[in-house]
Amino acid sequence: MLTWILRRVLAVVPVLFGVTLAVFSMLFLVPGDPVKMMLAEFVTNPDQVAQMRAQLHLDEPILQQYGRFVANAARGDLGTSIRSRRPVITEIGENVASTAQLAVAAMLVAVGVGVPLGLLAALSRNSWLDVASMGTALLGVSMPSFWLGLLLIFVFSLHLTWFPATGGGDLRHLILPSITLGTIAAAIIARLTRSSMLEVLGQDYVRTARAKGLGGFSVVVRHALKNALIPIITIFGLQFGNLLAGAVIVETVFSRPGLGRLIVGGILSKDFPLVQGTVLFVATVYVLINLLVDVAYAYADPRIRLGRA
Amino acid sequence: MRDASLARRLVRHRGALVGLLILGALVLMAIAAPWLSPRDPIKTAPRTALRPPGATYWLGSDQLGRDVASRVLHGARISLTVGLIAVSIAVAIGTPVGLVSGFYGGRLDAFIMRVIDVLLAFPGILLALAIVSVLTPGLTNVMIAVGLSAVPTYARLVRGSVLSARENLYVEAARALGSRDPSILVRYILPNVVAPLVVTATLGLGTAILAAAALSFLGLGSQPPLPEWGRMLSEGRDYLREAWWISTFPGLGIMLTVLAMNLLGDGLRDVLDPRLKP
């Protein structure tokens, strides 16, 4: 088990290096001169261009630049925003809590709705309940989050005035955005739970449990669901990443502060260090969460935990 | 013969049939948009702004007096084209990369897979966002960004299919008979890849349309006055209270398109390759 975890942790290192390399290269893939692009709106004065070049260390050899980028990033220094002139890490620090809150709340919605819905469909296979739950899930998968968000604002904020339409802060601000963001993940989890459950329900050990005379609830929860959840844990990490990325859209719909709006604002104002830093941060968090999920998965699956696989 | 039975099986699949019907209607709308549209989708008429849906304006008019119905019809053109081009880019790059990686294996494969692992470390729309930020916003760049960000998915899928196809006896036989690698790849390996590729590309078309609309919604894609669904939604956002129809109908358009692709993709998977069923 320990060697397995260690091997998994070591496998993450090259990926993280690759991520830094990809994010670092962004500046060099810009068609034309990135400095001129960033400065375009303000100045074309050669002195200022040179100053900016020096500030971004673009006058150094490229390998040295990359080394500096990685070393700085490892120390938590992600550069300075061009527009606000503040450290990127400070900007991230101010916004990360809001996005984390949204992603976690959305995950609760996704699991809280998705697992029961999939369970219901699997247990009533081919009945109208199954068709209705899977139909709902299909609609959920096809729903653009930015549209769902606007529909929720229209009904629950503008008409019923139950929740505020925009902004961040207390719990009331969190409800509509987390439903919006969690819906697609809920639909994916529901579909997966159903198929995973159906597979497990057909297994011999479930039949044995039934034959032993165990009640329906005990068979479903203790024998079937426990095993059916294993593949769902794997998708958890993947979905969490999608939620982090999806926050970009939902935060814009609800004018909610967060990392997503930071990135979009950075792209629109050509603030490259800000975009690079935030993208690097989100990707790193995503990689680390997937690592945690893998470890949890190994722990949940006795075949890996006991070192037989 | 096989194609005929495939079409028949697809039509018998209830979900796929519904998907095909919706998609057919959307394609017709997209092709016939200039003739079906009651008005010019771009010409503004401030005096008739924010009219609710009715006899004159079927789906209402927007904040600049433009006919929402005409804009939604033309939007179908843009969304379907954008999705198709993005998926084509992804398939055109992902397929050869996956083929070569899976067929030759070794160091090349290891290298390609590491690159793909890195690209997959950028979740969801984040990779497309990063690419747009490099290429600068605009509808063409959105197509490229959405297409490129899907390349890892296709490369991985194709590689997986190649790895199993390459072990087949007929591949060995072809090699024994003196076939060269390119010919083996195209004649014996590629056909094994087609079924999963078609299924994934169909589902991927929905995802691509959704991603492109999302980027336009964020202001990074199509620019006004183009009647693009994502952009129309974001423009309608400010008028939600007084004119719900501006954002509702383009949103419905996106959802129906993605729903059709999902239904069709699920149906194709059941018909072409039931093993792929999750």
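**Entry 1: a helix pair in chain B**

At what angle do H3(B) and helix H6 (residues 139-165) of chain B pack, and how far apart are their axes? I got an angle of about 35° and axes 5 Å apart. Before going on, I noted that this is a predicted model, where local features need pLDDT of at least 70, side-chain atom pairs count only at pLDDT 80 or more, and totals for chains, interfaces and linings use all residues. I also noted that residues are numbered from 1 along each chain as its sequence is written, while chains are lettered from A and ligands numbered from 1 in the order in which they are written.

Axes are lines fitted to C-alpha atoms, for helices over the stretch in contact, and the angles run from 0 to 180 degrees between N-to-C directions.

I then looked at helix H3 (residues 68-104) of chain B beside helix H10 (residues 245-272) of chain B: their axes come within 10 Å and cross at roughly 30°. H3(B) and H10(B) are therefore roughly parallel to each other (angles under 35 degrees count as roughly parallel, over 145 as roughly antiparallel, 65 to 115 as roughly perpendicular and the rest as oblique). H3(B) passes H10(B) in a right-handed crossing.

On the H3(B) side I listed Val68(B), Val72(B), Gly75(B), Ala76(B) and Ser79(B). H10(B) brings Trp245(B), Ile246(B), Phe249(B), Pro250(B), Gly253(B), Ile254(B) and Thr257(B). Being in contact means that the C-beta atoms of two residues, placed from the backbone, lie within 7 Å. The residues of this contact split into eight nonpolar, four polar and no charged.

Chain A comes to 13 helices and zero strands. Its C-alpha atoms fill a box of roughly 85 × 55 × 30 Å along the principal axes. Of the contacts in chain A between residues at least 6 apart in sequence, 72% join residues at least 24 apart.

How many residues of chain A are in contact with chain B? I found 41 residues of chain A in contact with 36 residues of chain B. H10(A) gives the largest share of the chain A side, eight residues. That side has 33 nonpolar, seven polar and one charged residues.

**Entry 2: the core**

The largest nonpolar core has 164 residues. Such a core is a set of buried Ala, Val, Leu, Ile, Met, Phe, Trp, Tyr and Cys residues joined through C-beta atoms within 7 Å. A residue is buried if 20 or more other C-beta atoms lie within 10 Å of its own, exposed if 12 or fewer, and partly exposed in between. Among the residues with the most contacts inside the core are Ala283(A) and Leu126(B). Helix H8 (residues 181-217) of chain B gives the most to this core, 17 residues.

A cis peptide bond joins Pro224(B) and Pro225(B), with omega about 10°. Pro225(B) is in the loop between H8 and helix H9 (229-237) of chain B.

Lys270(A) has a positive phi of about 55° although it is not a glycine. Lys270(A) sits in the loop between H11 and H12 of chain A. Is Lys270(A) buried or exposed? Lys270(A) counts as buried because it has 20 C-beta neighbours inside 10 Å.

Thr136(B), also a residue other than glycine, has a positive phi near 70°. Thr136(B) lies in the loop between helix H5 (126-135) and H6 of chain B. With 14 C-beta neighbours inside 10 Å, Thr136(B) counts as partly exposed.

Technical notes: Helices (H or I, at least four residues) and strands (E, at least two) are DSSP runs, numbered from the N terminus. A crossing is left-handed if the near helix is turned anticlockwise from the far one by less than a right angle, and right-handed if clockwise. Ala, Val, Leu, Ile, Met, Phe, Trp, Tyr, Cys and Pro count as nonpolar, Asp, Glu, Lys and Arg as charged, and the others, Gly among them, as polar.
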